[in-house]
Amino acid sequence: MSELKHIKEFLGTGNATEGQLLIPRKIHDVLIDEAAKHLIPRSEAAMYFGPSDIPGSSIDVDLMDLNAMDVRLVAEGAEIPLDQVSYSSFNLKPKKFGVSIRITRELLEDAKWNLLEHNVRIAGRRLAENENSLIVSDALDNATNTVSGGAAITIANITRAMQHLEDSDFTPTTFFVGMEVLSDLRNIDTFVEADKLGNRDMLERGFVGTLYGMSIVRVSTNAGMTATSSYVVDKSYGFVIAEKRPITVENFELPAYDMSAAAVTQRLAIRQLRAQAIAKITTS
C-alpha cells in the first residue's frame, strides 16, 4: 500500500481529530486588537491650552462673573449709581499620568509581532481614555444643575436639562450619552423615524445623530462614563483642557536585564469652565 493510499484510508476511518494532524495549517500571525472605545472629542472643549500656553507649572484662567454690572434708572439731578464688572479666576495645574513598559530581548526576538510597539500604542489609548474619564469626573460631573429621571430617559428629561442652560443664556450644543441612555433614545417613538437619525457621516467620530439641534455623542462606559448618565453641554463654555506635556514616548534600554523599554507619559488637567453651561441627567 502506497503512503498516499494509507493516508486516504486513515482519513476515512472517522478519526477526524487525528486526521487533522496530517493537514498543513497556517498559523495566524496578525494580532487582533481590542475595539476602540468611544471618547469625547477634543473639539468639544471650550478652550485648549497647550505646552506653549503654560509657561510654568500651571495656568490661571480668568472669568468675568455672570450678570456683573447693573444699569439703573436715574432721576434728574440724582447721583449716577456706581457699579463695575467683577471677575474671578481659577488655576489649572496639569498632573502627570503614565505607564512604563518593559519587554525582554528574548520575547522581542521570538514574538510574531513587535510587542513593544503594540504596547506603546495601547498605552496611548489608555491615556486617551484617562483624559475622557477626567472630562467626566473633573468637568461634566460638576454641572450646576441635575435632572433626575426614572428607569429610562424621557423627552421631558432632555428638554428640562436644555432649559437649565437656556435659563442662564447658554445654548445646548452637545448631548453626551452613555450606552444605556443611547438605547433609551433609540426606543423613543418620536425619534425612530429615519429622518431623525441625523448625519451618518458623523458616525465614525462618535456622533450618532442630532436631537433638538444638539449633536449626540456616545461615550463608552468603560472610559469614565456611567451608562445611565448623560450631559447637555454648551461646548463654547463647557470645559477646558490644559496639557503641559502631550502624550510622549521615551524609549530606553536596560542592558543589565537584557530588556527594551518605553515610558509613555502625559501632563494634563481638565476643569469645567462655566458649570451653568452643563446639565447632568441621571437615570436608573
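## Strands, helices and contacts in a predicted model

In this structure, strand S10 (residues 239-254) and strand S11 (residues 259-272) run antiparallel and are joined by 13 bridges. Strands such as these (E, at least two residues) and helices (H or I, at least four residues) are DSSP runs numbered from the N terminus, and two strands pair if DSSP finds at least two bridges between them. The model is a predicted one, in which local features need pLDDT of at least 70 and side-chain atom pairs count only at pLDDT 80 or more, while totals for chains, interfaces and linings use all residues. Residues are numbered from 1 along each chain as its sequence is written, and side-chain values use heavy atoms, with hydrogens and water left out.

Another pairing is that of S2 with strand S3 (residues 87-92), which is antiparallel and extends over six bridges; in it, isoleucine 59 stands opposite leucine 92 in S3. The two faces of strand S2 (residues 59-64) are set out below.

| Face of S2 | Residues |
|---|---|
| Covered | Ile59, Val61, Leu63 |
| Uncovered | Asp60, Asp62, Met64 |

In helix H6 (residues 179-186), the buried residues are Val181, Leu182, Asp184 and Leu185, buried meaning under 20% relative accessible area, exposed over 50% and partly exposed in between, with a 1.4 Å probe and protein chains only. Seen down the axis of H6, these buried residues fall within an arc of 155 degrees, so they line one face of the helix; the arc is that of the directions from the helix axis to the C-beta atoms.

Glutamate 106, which lies in helix H3 (residues 105-110), counts as partly exposed because its relative accessibility is 43%. Although glutamate 106 and aspartate 258 are 152 residues apart along the chain, their C-alpha atoms are separated by 8.3 Å.
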